[in-house]
Each structure stands twice: as structure tokens, then as C-alpha cells.
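Dear colleague,

I am handing over the structure to you with this email, and below it I have set out what was found in it. Please keep the sequence and the model open beside the text while you read.

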Amino acid sequence: MTFEYAPAPESRSVVTLRETYELFIDGAFTPAEGGEYLTTVNPADETKLAQVAVAGPADVDRAVAAARRAYETVWSRMPGAERGKYLFRIARILQERSRELAVLESMDNGKPIKETRDVDLPLVAAHFFYHAGWADKLAHAGLGPDPRPLGVAAQVIPWNFPLLMLAWKIAPALATGNTVVLKPAETTPLTALAFAEICQEADLPPGVVNILTGAGETGRALVEHPGTDKVAFTGSTEVGRQIARAVAGTGKRLTLELGGKGANIVYDDAALDQAVEGVVSGIFFNQGHVCCAGSRLLVQESIAEELLPRLKARISRLRLGDPLDKNTDIGAINSAAQLERIRELTDTGEAEGVQRWSPECALPGSGYWFAPTVLTGVSQSHRVAREEIFGPVLSVLTFRTPEEAVAKANNTPYGLSAGVWTEKGSRMLWTAERLRAGVVWSNTFNKFDPTSPFGGYKESGYGREGGRHGLEAYLG
């Protein structure tokens with residue numbers, strides 16, 4: 001007998017949306033000088049959520065000037081212990097408002113509520129708690145006896161983890177004594193604007209955090225602004241290259257966290273059911289909208305015929321649908337543009353001869369949806385093995401020897417993450433030490449912690465975020 005899930009929707013009533021949101025500059029919400037607005041929509045049903053102001057060059061000037069003023073007169077002069085108190089206060093408010101923020105994130109981004117509730121929001125608060133603890137201990141971070149803040153940080157974040165990426169950027173910047181001008185992604189600005197309200201609630205001095213909404217032009221004006229001292233960007237490799245060119249020769253410090261094509265290596269001695277769970281989490285968590293997603297499964301040839309049926313059976317039990325339903329495993333794709341890219345790359349794979357499989361999956365009539373997909377018969381030359389799809393699409397390759405596994409895993413322009421599944425500690429360590437990836441997970445995947453540095457090699461960017469290593473990017 002098969003039992004159907006009863007709907008278990010989270011209430012939207014915990015979120016109060018304004019019709020229109022302005023820019024957050026110098027501690028107050030203020031209209032954009034150009035008077036232009038963009039509309040942010042719910043990707044699950046394409047309904048309009050709110051109108052959001054678009055910052056132009058004059059607004060960027062105002063925000064950078066406010067950040068500079070706050071840096072010079074208040075924030076850089078404040079004892080670290082006092083700065084830490086503000087971060088602790090922000091962390092506690094984030095916890096108090098976590099249910100509301102989780103619902104808002106799911107509405108604006110499309111990811112399942114169980115992810116925003118159980119992963120995103122706890123980590124957001126944890127980053128502020130962790131960095132609050134560092135604020136008065138910077139002299140003990142191994143970065144010199146008297147490390148100094150850089151000044152004004154220009155920060156641009158993506159749409160896949162809107163509030164979490166904000167925390168990754170803002171918490172270390174504030175803990176180290178810098179002030180911030182942050183631009184959220186154009187499709188997911190609402191939790192950043194809610195964070196602006198939290199800054200007001202925490203009585204953060206005006207100008208320490210400024211939030212500028214807008215699209216690519218706003219981001220470009222911010223990173224190219226001569227009044228900033230540090231640029232931090234998370235997003236696509238293509239945009240990262242443009243930023244690196246713009247910042248070159250200016251003396252600004254730069255950290256880039258870019259794309260990935262992570263390999264998930266399953267050896268023949270792995271605990272297969274555990275590995276299947278890790279593979280599913282590695283690629284279908286957040287609809288595959290994860291830069292460190294395990295989008296390439298490298299399975300040892302001798303167990304491929306046993307692993308793949310188990311994997312497909314597990315994928316068949318994933319529930320796709322309303323992101324606010326607590327039973328949902330796979331939510332909506334974030335935007336029409338991203339859905340089109342996923343379709344185009346997956347169709348290309350099929351045209352190149354790979355075999356495509358998806359479970360029987362009823363897609364909702366409105367919104368942006370893509371069924372979980374497995375591509376087999378993939379070789380290194382296929383586009384789906386080389387290019388970041390950034391969606392719920394898994395490419396499966398096989399290998400015979402550990403040397404071949406490492407060679408295939410490293411045969412990518414990226415170098416952000418990898419996973420290794422084996423019961424042998426010696427094989428795990430042998431493999432991990434040869435993988436050219438910033439993070440290597442052992443018999444798990446997508447485990448994050450604010451105490452652990454995160455970042456990549458090659459076209460996955462440079463610099464580290466999180467942990468003691470992440471402080472270095474904000475200190476001179």
C-alpha cells in the first residue's frame with residue numbers, strides 16, 4: 001500500500017511584505033535618485049512579491065560616502081569587544097526572526113522551506129555568533145600583532161543562498177572593523193532588505209552596513225567605485241573575470257568565490273546506501289543551485305550497475321513542488337533565465353549522445369520547474385561534464401583505478417569541491433591529498449561550518465571565506 005503525503009504548508013502570514021522597498025543607505029531607507037524599480041517574483045508561481053528600487057551611480061556614491069564616514073568616525077575606532085556586541089545582537093535577532101526569514105527566503109528564492117529553516121537560517125546566525133567572538137581577538141588570529149581593517153568593503157552576492165551569502169560577507173567584514181556596501185542579486189533582494197531592518201533593530205551605527213538593490217549595472221558601479229578598499233564577490237566565473245579586470249591595478253583587495261563542477265567519487269568499498277544519500281544531497285540540495293554541488297558522479301566501474309538502480313530509486317522518492325510545503329525536497333528554479341540555461345545544457349548533452357533519465361514527476365503548471373535528471377554515458381568531452389549547469393542535473397562517469405578517479409576529478413577548469421566515499425582511511429587520505437579542490441568532503445557532502453574556510457582553486461576563484469583564514473581578506 002502507498003500512502004500519499006498530506007500537504008504541510010508553512011504559513012505565509014509570518015511575513016509582511018511592503019509593496020515597495022527603497023535603498024538602505026546611512027541607516028535609513030531612501031529612494032533611488034533615478035526613481036527606477038524592478039519587480040521581484042516568486043519563482044514557484046510567478047506572482048509578484050514587491051517592487052525594489054534600482055541604485056544608480058549617484059546612489060552608489062552616497063552609500064560609499066556613508067560607509068567611509070562610519071568607518072572613519074565610529075566603526076574602526078570602536079574597541080573590538082564593542083563591535084562584537086553588535087554582531088551578537090544581530091545574531092540573536094536573526095534567531096528570533098528565523099521563521100519569518102526562512103519563509104521569506106523560500107518565497108523569493110524558490111528553495112524548500114525545510115532547507116531555509118534547517119540549513120540556511122541556523123548557519124546565518126552561526127556566522128554572526130562566530131565572528132562576534134573574533135572581534136576582540138584579532139591579534140591572536142596569526143595575522144600579526146596589530147591587524148588593521150582595510151576600510152570600505154564592496155560586496156556582491158548571488159541568488160542561490162541570499163541571506164547565507166550576506167552573512168558570509170558581512171559578518172567577517174564587521175568583526176574586523178570594516179564597513180560595508182552590499183548588493184544582493186536582483187532576483188532575491190528581500191532577505192537583504194529584511195537584514196537592513198535588523199541592523200536598525202540592533203542600533204547598528206548608521207553607514208556601517210548599506211544595502212543597494214539593482215541588477216548588473218548597480219554591481220558594476222559598486223565594484224568599480226574608487227572609494228572602496230576591498231571587493232568580495234560570489235557568483236559566476238564570467239562575471240568574476242570582469243571584476244578581476246576592473247580591480248586590477250587599483251590597489252583594492254579582491255576575493256572571488258566562483259563556479260564549480262565538483263566530483264563525487266564513489267569507490268567500490270563505499271557504504272552504498274550512505275553514498276547514494278550523499279550523491280542525492282550533493283546535486284539536488286537547493287535544486288543544484290550550489291557552486292560546490294557534486295554535479296559529476298565518478299563511480300568505480302565494478303559497482304556502477306549496483307549503484308545506479310539504487311540512486312534512481314532514491315531520486316524517484318524525492319518530492320518536487322510547493323517550496324513552502326515541509327514535505328518538499330526539490331523546489332523551483334530561481335528564474336526563467338536560469339531554467340532556460342539548464343534546459344539548453346541538458347538538451348545539448350542529449351544531442352551529444354548521453355542517456356537522460358528523470359523519474360515520473362508532475363511539474364506544477366506555473367513557475368519555473370525542472371525535474372531531477374541523471375545523465376549516463378557521459379565522457380570528459382561532453383559539455384555536461386565540463387560546464388557548470390547550476391541545476392538538478394547529475395552527470396555520471398565511471399573509473400577503474402584510484403589514479404583514473406583523481407585524473408578525471410581534476411580534469412576541469414574549476415577546483416571548488418569534491419566528495420570521496422570509501423571505508424578505507426588510507427584511500428580517503430591518498431585521494432584527498434591529490435584532489436585539486438578547496439574543500440574535500442569525506443563520506444558526506446555539503447557540510448558547512450563558519451569555523452571552516454571555504455574557497456577554490458583555478459576558475460573557482462581565490463581567497464577563503466569562513467574560519468580564521470577568512471579574516472585575512474578583511475585585514476591589512
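**Aromatic rings**

One aromatic cluster is formed by Trp 168, Trp 441, Phe 445, Phe 448 and Phe 454. This is a predicted model, in which local features need pLDDT of at least 70 and side-chain atom pairs count only at pLDDT 80 or more, while totals for chains, interfaces and linings use all residues. Residues are numbered from 1 along each chain as its sequence is written, and side-chain values use heavy atoms, with hydrogens and water left out.

Rings of Phe, Tyr and Trp (its six-membered ring) are taken as a pair if their centres lie within 6.5 Å, and planes under 30 degrees apart count as stacked, over 60 as edge-to-face and the rest as tilted. Searching the whole structure gives twelve aromatic pairs. In one of them, Trp 159 and Phe 390, the ring centres are 5.4 Å apart and the planes stand at 80°, so the pair is edge-to-face. Because Trp 159 lies in the loop between β6 (152-156) and α5 (162-175), and Phe 390 in the loop between α12 (383-386) and β15 (393-399), the pair ties together parts that are 231 residues apart in sequence. Helices (H or I, at least four residues) and strands (E, at least two) are DSSP runs, numbered from the N terminus.

Trp 159 counts as buried at 18% relative accessibility, and Phe 390 is buried with a relative accessible area of 17%.

A charge can also sit over a ring, which is counted if NZ of Lys or CZ of Arg is within 6 Å of the ring centre and within 35 degrees of the ring normal. Lys 230 lies over the face of Tyr 474, at 4.9 Å from the ring centre, and the charged end of Arg 436 sits over the ring of Tyr 457, 3.9 Å from its centre.

On a 1 Å grid over the protein atoms alone, a cavity is a set of points where a 1.4 Å probe fits but cannot get out, whereas a pocket is an open set with protein on both sides within 12 Å along at least five of seven lines; lining residues have an atom within 4 Å of a point. Grid points are joined across faces, edges and corners, and a volume is the space filled by probe spheres set on the points.

By this rule there are three cavities of 30 Å³ or more, and the largest cavity holds about 110 Å³ of space. It is lined by 17 residues, of which Ala 409, Thr 412, Ser 417, Arg 436 and Ala 437 are the closest to its centre. The elements that give two or more residues to this lining are α13 (402-410) and β16 (417-421). For the classes, Ala, Val, Leu, Ile, Met, Phe, Trp, Tyr, Cys and Pro count as nonpolar, Asp, Glu, Lys and Arg as charged, and the others, Gly among them, as polar; the lining of the largest cavity has seven nonpolar, six polar and four charged residues.

In β16, five of its five residues are buried, with Ser 417, Gly 419 and Trp 421 on one side and Ala 418 and Val 420 on the other. Two strands pair if DSSP finds at least two bridges between them. Strand β11 (residues 263-266) runs parallel to β16 and is joined to it by four bridges, with Ala 263 opposite Ala 418. β16 also pairs with β17 in the parallel sense over four bridges, where the bridge partner of Val 420 is Ser 442 in β17.

**The second largest pocket**

The second largest pocket contains about 460 Å³ of space. Its lining has 19 residues, and Glu 115, Glu 277, Val 280, Ser 281 and Phe 285 lie nearest its centre. Both α4 (113-134) and α9 (272-284) supply at least two residues of this lining, and α9 gives the most, with five. By class, the lining of this pocket has nine nonpolar, four polar and six charged residues.

**Positive phi values**

Most residues other than glycine have a negative phi. Asp 26, in the loop between β2 (23-25) and β3 (28-30), has a positive phi near 55°, and Asp 26 is partly exposed at 31% relative accessible area.

Best wishes

Conventions. Buried < 20%, exposed > 50% of the residue type's maximum accessible area, 1.4 Å probe, protein only.
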